[in-house]
Amino acid sequence: MLRILATLFCLLLFFALAGAGGVLYVFYHYGQGLPEYGQLADYEPPTVTRVHAGDGRLLAEYATEKRVYVPISAIPRRVVNAFLSAEDKNFYSHPGVDFLSVVRAIVTNIANYGTSRRPVGASTITQQVAKNFLLTNEVSYERKIKEAILAFRIEQAYTKETILELYLNEIYLGLGSYGVAAASLNYFNKSLDELTIAEAAYLAALPKAPNNYHPVRKYDAAVARRNWVIGRMLEDERIDGAEAETARGEPLRVRKPDATQVVEAEYFAEETRRELARLYGDDSLYAGGLSVRTTLDPRLQAIAERALRGGLINYDRRHGWRGPLHQLALEEGADPQALLAEIEPPVGSDENWQLALVLATEGKYAEVALADGSSGRIPMAEMKWARPWLEEQRIGASPKKPSDVVEAGAVVLVEAVSEDAEGEAYEEGSYALRQIPDVNGAIVALDPHTGRVLAMVGGYSYARSEFNRVIQARRQPGSAFKPFVYLAGLDSGFTPATLILDAPFVLDQGAGLGKWKPANYTMKFYGPTPMRVGIEKSRNLMTVRLAQTVGMEKIVDYARRFGVMPDLEPVLSMSLGAGETTLMNMTTAYAMLVNGGRRISPTLIDRVQDRHGRTIYRHDLRACEGCLAETWSGQAPPQLPDEREQVADPASAYQVVGMLQGVVQRGTGRRIAELGLPLAGKTGTTNDNIDTWFIGFSADLAVGVFVGFDEPRTLGPKDTGSNVAAPVFKSFMAEALADQPAIPFRIPPGIRLVRMNAETGQLARPGDRRVFLEAFQPGTEPTGRQVVLDGGYNPNTGSTAASGTGGLY
């Protein structure tokens, strides 16, 4: 008997040692080459990058996984308890693997073998962390063994709280929710601390298979699974009986997240995305959890959107009707609503515009049916603009009756209207005929002192075209370039009162190239004329003579210094804006005129913070020790150093500002003077009226407008910067500066203001009516002696002898 017992003991010992050896071998074999679990200490899960407007409202979000990372200290205990009861009730007592649960799962799976029941798992939360972070989702015994080994190692290296934090922020819970915080918002529109026991239990029911417990499509299964979790919580004594009963009786109600206050600025947001990707790469952009504060001013952005769209629509209406979207054959008994349901609304149409089917054109109305089943009329007064479009942006005869514009079966865009242009009320169900412009344009507004871009609209519709005409379109600026020619002239010793000959100019361009004969827009010549008038009236011949005198090399240098055209050719025609640039470059250059000639760089981003709140980028890098004060007790605000580079003489820059103010008051931009505000700017129109510009500013706001076709062609025989682009600038400034104090342009030291006669360009005399104050630098005030600059005047010697090509190459 003793021998038998000894034999049994030896056998048991042998099998125990063999089993232990086998376990050690398995751990050794599968423990080789496992992922380094130490990386979990530095784990930073993919989180959302949020881009905010200047007032803090959300502008855009970029993410591969929409996750909100929450530290375990901020996760309510009821949420933690729900997940522990559902997933791992022995979490705080096991070493990474729950052996009792493993045995129970093995027995259950053997009992269920051959049935349709799915195998029961026994993974602990630590094992799930190992799988989710370090392994694949492969279903195999090998992966389970590796998972267990890593779980042991993780438990040795990290606290239970750290493991829980990793788990609760990593798990996918359906509805695009990564982590419990995102799930709480997406399912219940609540923060974690607002969740009820029932809601926390439902979230804890989801990790295994979120789609199987969808709260709407599979409501009964979702409630049953939630109640099972509540039962587990009661069994584990994490809630009491009353709480469990209340939780089970609570209906499962999903609430959509509140609509976030989002600023619509697609062109701005896309350019910001490009800049962030350039600075930090796509990985940081889409997974780095950056917090970005941009320069966007939502109020100015909305004004810019309205001003540009309104200007493009007004231009388009002046150039006629291009016809209906579709022309259908109307059969008797046809269902208009069914016909319209088959037609997609055109991309980029205004949100207030609707598709309409013309049913008849009788008398003074066009009868229409709308997609929603209603009907209405388009009065003839709302179709008078629809003259036939002709080639070269010309228009045909005015329509006399509705049938001159549309026929039965035409599918058009309409907008509900309540009164006509005179304010007379229409009958209910009246609509106006609408048309999406085929012309395009852009507008940008920035702070001239810092370069912060406050508003940017790169086209009529981002949905229609993502091409950003503020930054990506390179076009000829035409006369909008002239201020930099005149600035070069001022720095060469001339004054706004210098007389320049306005007369025919002919230049032999060389063998076989013919003669270059620039002309004024009016095709007239005005003789000796003050420099100021040359820019106010945009006189080409005066500009060419000034450029020839100061030399194109100097003008090329000014174009480079102001960032207008860094590679401008030193050819005389370039003085008239024949080079190519962008609206952003031009507006920034004008901003440097009004800020006193100091260099600025346009920026869309004020600050970037990483996921931990550390500032990793600031546009303004100036040191400010006084800004570190913990409290404000009435002390004066700190004075920051002005580190901007001086790219032009402040006095000369102010003189150009004064002349550009004359453009608004008396010149090609005089329609803007109706606003009664201190504004300045310059129109620009290229050959054949292909590109039109207006770049201008107040003392603290620089704005640029461009209008033209994407595939360059004429805007029309009489369409220039003054009647196409300037109205957009005017509309923007009227609303942007409403209720703002009228701030005059700041005068730098060393400027003398002299009373001048606006008609003669001479010193004002008593009794003169059109008098204004002209800015002169010390020693350059008019003395009575005047020299007419004819293209050869040398300001250093006073000689009027021709000085060769003056820099023309």
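**Helix contacts and buried residues**

User: Which residues in helix 14 meet which ones in helix 17?

Analyst: From helix 14, F484, V485, L487 and A488 meet K554, I555 and Y558 of helix 17. Contact means heavy atoms within 4.5 Å. This is a predicted model, in which local features need pLDDT of at least 70 and side-chain atom pairs 80 or more, while totals for chains, interfaces and linings use all residues. Residues are numbered from 1 along each chain, and side-chain values use heavy atoms, without hydrogens and water.

User: OK, stepping back. How many helices and strands are there in the protein?

Analyst: The protein has 20 helices and 25 strands. Both are DSSP runs numbered from the N terminus (helices H or I, at least four residues; strands E, at least two).

User: And what share of the residues is buried?

Analyst: Of the protein's 809 residues, 49% count as buried. Buried is under 20% relative accessible area, exposed over 50%, partly exposed in between (1.4 Å probe, protein chains only).

User: What share of the contacts join residues at least 24 apart?

Analyst: That share is 69%, taken among contacts between residues at least 6 apart in sequence.

User: Changing topic to helix 9. Which residues are buried there?

Analyst: In helix 9, which runs over residues 219-235, the buried residues are A222, V223, R225, R226, N227, V229, I230, G231 and M233.

User: What covers them?

Analyst: The cover for the buried residues of helix 9 includes helix 2 (77-87), helix 8 (197-204) and helix 10 (241-249).

User: Which residue with a positive phi follows helix 9?

Analyst: That is E237, with phi near 60 degrees.

User: Last one, V180. Where is V180 found?

Analyst: V180 sits in helix 7, which covers residues 180-188.

User: Why does V180 count as buried?

Analyst: V180 counts as buried because its relative accessibility is 1%.

User: What does V180 touch?

Analyst: Leaving out residues up to four places away in sequence, V180 touches I75, F83, L168, I171, L173, L192 and L203.

User: How far apart are V180 and A200 in space?

Analyst: From C-alpha to C-alpha, V180 and A200 are 9.2 Å apart, and they are 20 residues apart in sequence.

Definitions and conventions: Expected span 1.5 Å × (residues − 1).
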